[in-house]
Amino acid sequence: MQLTWYGHSCFLLETDEHKLLVDPFLDENPAAPVKAADVAADFILLTHGHFDHVADAVAIAQRTEATVIANFEIGQWLVKQGLSASKVIGMNTGGALDAAFGRVKMTLAHHSSSLPDGSYGGSPGGYLLEVGGQRLYFAGDTALFLDMKLLGVGGIDLAVLPIGDLFTMGPADSIEAIKMLGARRVVPCHYNTWPPIAQDASQWADSVLQRTAAEAMVLQPGESVEI
Ligand code: NI
Ligand code: MN
């Protein structure tokens, strides 16, 4: 599988058969290396309703006919924006779904989730994916929380964690998250998009190396890694 970072919290996970796009925020993301019109997807996963996670979801879903997975309330909002209900799957915290690409569970996140137009966006979440024989965790926007220990039961091959601080956990809390998750590899996100969430990723990677058993994988926007 291949994982590409499009800046902020937007990732493309490509398997042999599927393209999963997480939290598309491209056209107004100063760090994004691509535009919404240029990305491919057959599934779009949204962690919560904030603009910097859903901004391009409707346009990309309409163009690609991707199926969008989100919480129930965001799912309803997407249908109001014009997406076909048959292309939207609403979930809620703790629920799992067997999808064409693998299994996806919606996880807890400590954050908020209002939609860009002020609509109620339900509970924020993250995703635990079982894809291609690996367990991948996209934390979404969240604070550190003790239940990450539960998410680590069964092992985490790769965790994608926010490190920007201010709106989410910062670098220090992410180290505790990595330890609780027992993640084998970790990719940072939700930093350096704007000055208020600027972080030194190489310093963070040094801390991961020194204080956890995980391998830190720092990507540049547009960079891909085989996982
Ligand atoms: Ni957010
Ligand atoms: Mn955010």
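1. The whole structure, a predicted model, contains 6 aromatic pairs; rings of Phe, Tyr and Trp (its six-membered ring) pair if their centres lie within 6.5 Å, and planes under 30 degrees apart count as stacked, over 60 as edge-to-face and the rest as tilted. Local features need pLDDT of at least 70 and side-chain atom pairs pLDDT 80 or more, while totals for chains, interfaces and linings use all residues; side-chain values use heavy atoms, without hydrogens and water.

2. Phe25 and Trp194 make a tilted pair, 5.8 Å centre to centre with 45° between the planes. The partners are 169 residues apart, Phe25 in the loop between strand 3 (19-22) and strand 4 (43-45), Trp194 in the loop between strand 12 (183-189) and helix 6 (201-211). Strands (E, at least two residues) and helices (H or I, at least four) are DSSP runs, numbered from the N terminus. Phe25 is buried at 1% relative accessibility, whereas Trp194, at 31%, is partly exposed; buried means under 20% relative accessible area, exposed over 50%, partly exposed in between (1.4 Å probe, protein chains only).

3. Trp5, Phe11, Phe138 and Tyr191 form one aromatic cluster.

4. The nickel ion (ligand 1) is coordinated at 2.1 to 2.3 Å by His48 (NE2), His50 (ND1), His111 (NE2) and Asp141 (OD). Donors are N, O and S atoms within 2.8 Å of the metal (3.2 Å for Na, K and Ca); water is not among the atoms, so sites may look incomplete. His48 is buried at 0% relative accessibility, and His50 is buried at 15%.

5. Asp141 also bridges the nickel ion (ligand 1) to the manganese ion (ligand 2), 3.1 Å apart.

Methods: Residues are numbered from 1 along each chain as its sequence is written. Chains are lettered from A and ligands numbered from 1 in the order in which they are written.
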